[in-house]
Amino acid sequence: MDSIIVTGNGPLKGQIPIAGAKNACLTLMPATLLSEEPLTLTNAPRLSDIKTMTELLQSLGAEVTSMQDGQVQAMSSHNLSTTRAEYDIVRKMRASNLVLGPLLAREHHAEVSLPGGCAIGARPMDLHITALEAMGAEIELKDGYLHAKAPGGLKGAVHELRFASVGATENVVMAATLAKGTTVLKNAAREPEIVDLVHCLRKMGAQIEGEGTSTITIQGVDRLSGATHPVVTDRIELGTYMLAPAICGGEVELLGGRIDLVGAFCEKLDAAGISVEETDSGLKVARKNGRVRAVDVVTEPFPGFPTDLQAQMMALMCTAEGTSVLEERIFENRFMHAPELMRMGAEIEVHGGTATVTGVEKLKGAPVMATDLRASVSLILAGLAAEGETIVNRVYHLDRGYERVEEKLRNIGARIERVNAE
Ligand code: EPZ
């Protein structure tokens, strides 16, 4: 397994291009199952998760061609050969469950393996199931697979999600595009990735309103056509790299960055003493001098502070002046980066869903272990500002969500290299 070695150094300077959003692409790709005509996505990120989704769609009989070094995914689901999403693919990536809604809508049946838990939590699918059952689906769990059927097709329904789940919202919106009648989804998630999905579905002929608000209304249609759609900028990659100059000092421009994608996050950076300025090409982030100030963080559904930036923000708070309290309200076990940061000298106390961080002057490099995608990148960020060398092991987690991370950070002056384990 590869490792990444980071050597702490001074201020960073330069530009980082921000890629298309992994979590938008992972819901846009299953949308190809809704139409017999080709769907082409441009600005797709080059990540192992995208390869896994490609593998899954191909296992269902879809044709998926990656062009221009993976940045274009041309897909056609003209001839599906099966509606069974196998466990050995689904267990690698929870987002595989996003084929459930489209397959039910298109073929009126599907067998989708339950993804199983992952490092950050149990990650059940009860919200997906209840919502699709409200639309007339019959779903039962057998041998670890959800066996779903909707004889005669799904029907529009009025349904309120108990929690504004991103995945459940995406599955319902995609399923409802071909249902008979109108679906009104209340307490829908408002994430930009859902807005991007709706923009793409609308290009395919779907009748949808309310994306980005808590109530989304979908008028079912008989069929959808193909489309070409650019994947929206990745707000989590954006926020992650905004923290590099925040942690090390210096000034970095994030190309393609949009302030509307990271509103709550920027408010916290501002309170911590980091400047964020909109430029013609994106966002410029700078920390001129002095230590970062400690701030408190509570993770919430969009437009609140994103849970996917909690680990990275904790890395910044480890060397902030003062004490910060980070409350993780979305996942039940998302502080695994804390013990690894403590190996680097961070002072963190974790009690249930709350972590209290007392800032120290300097972290010290150390061998650390990546446990999940966002925890791994928070260790890289900590290593950028630590004294000495940090070795981050199990970086396959990193490659799921960050393309060419060493190259992007080296281009702004970081001392970072990947070591291929024999
Ligand atoms: C999406 O996961 C993202 N993944 C996650 O990003 C992100 O952390 C999460 O949304 C929250 O923003 C993709 O988009 C591919 P949820 P999802 O359904 O849809 C519970 C990353 O690092 N829940 O909003 O799975 C669930 O257990 C990943 O890129 C149920 O209880 O998230 C969790 O505690 C990590 N029952 C909470 O809701 C359900 O049926 C949020 O889950 C569904 C979810």
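**Cysteines, cores and a helix pair in a predicted model**

Good morning. The structure holds 0 disulfides, a disulfide being a pair of cysteine sulfur atoms within 2.5 Å. Cys 200 is in no disulfide, and the nearest cysteine sulfur, that of Cys 25, is 10 Å away. Cys 248 is likewise in no disulfide; for this residue the nearest cysteine sulfur belongs to Cys 318, 13 Å away.

Please keep in mind that this is a predicted model, in which local features need pLDDT of at least 70 and side-chain atom pairs count only at pLDDT 80 or more, while totals for chains, interfaces and linings use all residues. Residues are numbered from 1 along each chain as its sequence is written, and side-chain values use heavy atoms, with hydrogens and water left out.

Are these two cysteines buried or exposed? Cys 200 has 0% relative accessibility and therefore counts as buried; Cys 248, at 9%, also counts as buried. Buried means under 20% relative accessible area, exposed over 50%, and partly exposed in between, with a 1.4 Å probe and protein chains only.

I turn now to the nonpolar cores. A nonpolar core is a set of buried Ala, Val, Leu, Ile, Met, Phe, Trp, Tyr and Cys residues joined through side-chain atoms within 4.5 Å. The largest has 76 residues, and those with the most contacts inside it are Met 29, Leu 57, Val 99, Met 135, Leu 154 and Leu 201. Helix 6 gives the most to this core, with 6 residues. Apart from it lies another core, of 68 residues, among them Cys 248 and Leu 384.

Leaving aside neighbours within four places in sequence, Leu 201 is in contact (heavy atoms within 4.5 Å) with residues including Ala 31, Leu 34, Val 173 and Met 174.

Finally, Val 231 lies in the loop between strand 14 (227–230) and helix 8 (235–248). At 3% relative accessibility, Val 231 counts as buried. Beyond its neighbours within four places in sequence, the contacts of Val 231 include Cys 25, Leu 28 and Asp 196.

Notes:
Helices (H or I, at least four residues) and strands (E, at least two) are DSSP runs, numbered from the N terminus.
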